[in-house]
Amino acid sequence: MHSWNGFTDRRRFLRAAAAFTATAFAPTAEGAATIDLPLPGGPSARALTTAFPQKGEMILQRTRPPLLETPFEVFDEGVFTPNDRFFVRWHWAVIPESVDVSRFRLGVRGNVETPLSLTLEEIMAMPRVEMAAVNQCSGNSRGFFTPRVPGGEWGNGAMGNAIWTGVRLKDVLDRARVKAASVQVRFTGLDETVTEGAPRFLKSLDIDHARDGEVMIAYLMNGQPLPLLNGFPIRVIVPGWYSTYWTKMLSDIEVLDKADDNFWMKSAYLIPDTPHASVKPGETGFKSVPINRMVPRSFFTNIEGLASTAPSAHAPFRGVAFGGDCGVAAVECSLDGGATWTAAALGPERGAYGFRRWSFETTAPAAGAVEVAVRCTNAKGVAQPLEANWNAGGYMRNVVERVRLVVQ
Amino acid sequence: MRVSRGIRALGAVALLAVAPAFAEKLSSLNLHLPQDDEEFVGAGADTVNSACRACHSIEMVLTQPKLSASVWTAEVNKMRKIFKAPIDDADVAPIVDYLVRLQAGS
């Protein structure tokens, strides 16, 4: 249990708890630390691990290929997520464990006048830009979907905010002289499929998006080289868009003269083309489109779920918010289930696409309990919904978050 | 997007075609990812191990919410048809049966 500001936070750490799941298979070593996310209906216990290179303590979702979630208290420590606590998500298990920076090349080819094979030195010699941006898995918070859906069963920690330093994708494409009538730009990383004939993880952006001057190729993350598992030596940064497009270990850029119809664009990472990408469980007949822009979110970081406090005590709340595909306009809290909202104080903006700190103070009731909700409205006027969305992929959750404060 | 302070300052001095001053040296990496050695056990586990563990460690299965046999069947078929997991036609039903039993704790 942790205590912040007089709260007793009921973060459900199950250190040295026994069972990994309620099965007879109990794979965790005796004494291993676990955490309860907690996911409705379970299984909700996860091991905490420090076994991955360049990574501190992470929530182990899957060893191979690695899925590592950021423990939520990390987000309380600052507006930027440390590289060694930043979440990790790979699709295929053939991931290079060594990268020779002198031999590494980034290919630029396809519908271009001048195909390129760039060294890291050549890339780093190009005009340099930097930007704070949130990198969030499309399926962040999937484990909270009700009814539950199969997939990576994340809590809320498949996201992070970093300062990315690198070059504009536009500058790289201009150097290769993109031909007229180009449609999309496809990214390939160094990771490869385990099985023969399976689809390599390839993602594409429309040509105008790729050339908008914001999409980057980053070689530094929070001022340091990227950890291997976050895409060393270079990765794509697509500000405001879900992480599926942020190709790690970027090795190849292909300019396409038609829309990419590879599996990962045509059949995977699709969302219902409906408000909040939401449908009813079992619903069919709706149009689907590739997942794209992020939506606003806000989180409590000093309390998770449930906290107890003394009667009439000072009750400070704080957290992080982000606008999704634009900046944060407002963060508000409600003590009456969303009927009325009061503005929270906002920390400084460190870039429209990054996290913004927020804080809110109230007084605990003399007895009983109070539910506190937090809502972000972004610069485009889009606010988080009070009701959770649902889709079969478990994508784009951004419901208003709530914590319960109990007087004891 | 913000141009970093370094390039602004230097840009005022001269328009350099190359700017090696900015090129922090990246060092080669040679690391090791942890191996997974946990296996499914019990009746029918051999087929499940060769099918599922070909591509991923067992937590992928153990972390799933309780899924119906039809949802498990769709998952196994996706692994087989799209991701080319080494699964024979005849093994789909026994694998699904194992997964359902696993989640039932029986």
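**Reading a chain interface, a sheet and a helix**

Mentor: In this predicted model, 53 residues of chain A are in contact with 44 residues of chain B, where contact means that C-beta atoms, placed from the backbone, lie within 7 Å. Local features need pLDDT of at least 70 and side-chain atom pairs count only at pLDDT 80 or more, while totals for chains, interfaces and linings use all residues. Residues are numbered from 1 along each chain as its sequence is written, with chains lettered from A and ligands numbered from 1 in the order in which they are written.

Trainee: Which strand of chain B does E9(A) join?

Mentor: Strands of a sheet pair through backbone hydrogen bonds, either parallel or antiparallel. Strands are DSSP runs of E, at least two residues, and helices are runs of H or I, at least four, numbered from the N terminus; two strands pair if DSSP finds at least two bridges between them. Here two bridges join E9(A) to strand E2 (residues 29–30) of chain B, in antiparallel fashion. Val99(A) stands opposite Leu29(B).

Trainee: What is the strand order of the open sheet in chain A?

Mentor: The order is E22-E24-E28-E27, with antiparallel pairing. E22 (297–300) and E27 (345–346) are the edge strands, each pairing on one side only. Eight bridges connect E24 (residues 314–322) with E28 (residues 356–363).

Trainee: Which residues of helix H2 in chain A are buried?

Mentor: A residue is buried if 20 or more other C-beta atoms, placed from the backbone, lie within 10 Å of its own. In H2(A) (residues 169–176), Leu169(A), Val172(A), Leu173(A) and Ala176(A) are buried. They lie on the same side of H2(A) because they cover an arc of only 95 degrees around the axis, taken from the directions from the helix axis to the C-beta atoms.

Methods: Two residues are in contact if their C-beta atoms, placed from the backbone, lie within 7 Å. A residue is buried if 20 or more other C-beta atoms lie within 10 Å of its own, exposed if 12 or fewer, and partly exposed in between; C-beta atoms are placed from the backbone.
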